[in-house]
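I opened my notebook to write down, step by step, what I looked up here. I began with charges and rings, and then turned to helices and domains.

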Amino acid sequence: MIPAVVISHKRDRKPLSDDEIRYMVDGYAKGSIPDYQMSALAMAIYLNGMTEQEISTLTNAMIDSGSRLKRCGSHLRVDKHSTGGLGDKTSLILAPLLACCDLHVPMISGRGLGITGGTLDKLEAIEGFRTNLNEDEIEKQLHGIGCVITGASETLVPADKKLYGLRDVTATVPSIPLITASIMSKKIAETLDALVLDVKFGSGAFLPTEPLAEELARSLMRVGRDANVNTYALITDMTQPLGKMVGNACEVDESIETLQGGGPSEVRELTVELAARLLLSTALETNLDDARLRLERLLDSGAALERFERMVAWQGGDLSARRALGAETPCFAPRSGYVTAIDGQLLGQVIIAMGGGRKKAGEPIDFSVGLKMECKIGDAVQASQPLLSLLCDDPLKRLEASKLVEQAFQIGEEQPPFVPLWRDLV
Ligand code: URA
């Protein structure tokens, strides 16, 4: 159950001064402000909200708790941030794709926690892939091949690492000001020229509704633009998983299919739309159709795949090593009708129940676990037709998981209205 997200700020309070915010963040990062005092501030922000000025100051104070990535050469630098969702594998495709356009992509990513997966976990399903590069290695790799996907180093926004851990245990994660400062501090510290935000709404996303996703997108965009990062946002559908595969090893396989010019159409479409916004933001293209065409050609020609292979090799990964997938077990529709809704929270729990996700930070995960979606919202299904297949070797875990799957699908008499995959934030 996601706690309510607090969006408004109380207007009848005196805003915190820049010095007060900096004193707390600096002190917390250095250890002179204890957890209990920072928890009190996080809860006050969660309950009262923050003004735009306070959010900007909080973001800047968090950036200044560490170092920023250095520029290397004259290449324009871009990145994408997604608020995360089931089956969201676009980072694996988008980073090498944009590197083929002569852009540098220093993508600092995270791990999965709760129902949504993490890019680092997916990449670690590739034998030997390193996600702990230091700043020198990041710089060399950008210089060599133009893209890197790695975890945050100890020196990049250390205040966020500490504060995020504290928010996790004090129920203060779902606050727009705190989320904005957390996400944008890490992105601005990458020293970017342009950023595209993929802000998702729906049952498989962090934010359940479109208005909340919009509110967060506006806050993120404002802070990015204030920091001179050309920031653009798409509001995207996560009422059902993206693509066919959800998991770690299986999502690497689906990303490779997409990099080969195939893959599910929605994975290709969303990746191209996000990347196209960055070609416009950096003025490499002046209209969307040309940007899309250029990116589609890079997928179809194998150029983006070749860049991905080089990125994996640079980071110590071996794509030829076998990536095991769990045994496939179908779960069947209880009756005929249309698939009207898919509960992403429950599907996330299915993955966790099978060992493919984490309940607590630091837990190990089984990369071979996953889901293969056999139908989508709006599809007509017959009784006893598979809704999805579990990928899992453990029969007991499969049994537990299949009970949850039964509750995750709603089947009705009428075809539900179509929800577009993405829309621009106007
Ligand atoms: N992702 C982040 O990096 N920070 C948040 O606060 C929420 C999601």
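For the first entry I needed a rule: a charge sits over a ring if NZ of Lys or CZ of Arg is within 6 Å of the ring centre and within 35 degrees of the ring normal. The model I searched is a predicted one. In this model I found Lys-162 over the face of Tyr-28, at 4.4 Å from the ring centre, and I also noted Arg-277 over the face of Trp-422, where the distance to the ring centre is 5.1 Å. I then looked for aromatic pairs, and the search of the whole structure returned 0 of them.

Next I looked up a pair of helices. I read that two packed helices are described by the angle between their axes and the distance between the axes. On the H4 side the contact is made by Leu-92, Ile-93 and Pro-96, while H10 brings Val-252, Ser-255, Thr-258 and Leu-259. Sorting this contact by class, I listed 5 nonpolar, 2 polar and no charged residues.

My last entry concerns the domains, which the assignment gives as domain 1 (78-156 + 171-314) and domain 2 (328-412). Their C-alpha centres lie 25 Å apart, and 25 residues of domain 1 are in contact with 25 residues of domain 2.

Key. Residues numbered from 1 in each chain as written. Predicted model: local features only at pLDDT ≥ 70, side-chain atom pairs only at ≥ 80, totals over all residues. Heavy atoms only, no water. Contact = heavy atoms within 4.5 Å. Helix = DSSP H or I, 4+ residues; strand = E, 2+ residues; numbered from the N terminus. Nonpolar A, V, L, I, M, F, W, Y, C, P; charged D, E, K, R; others polar. Phe/Tyr/Trp six-rings, centres within 6.5 Å; stacked < 30°, edge-to-face > 60°. Domains from an automatic or database assignment.
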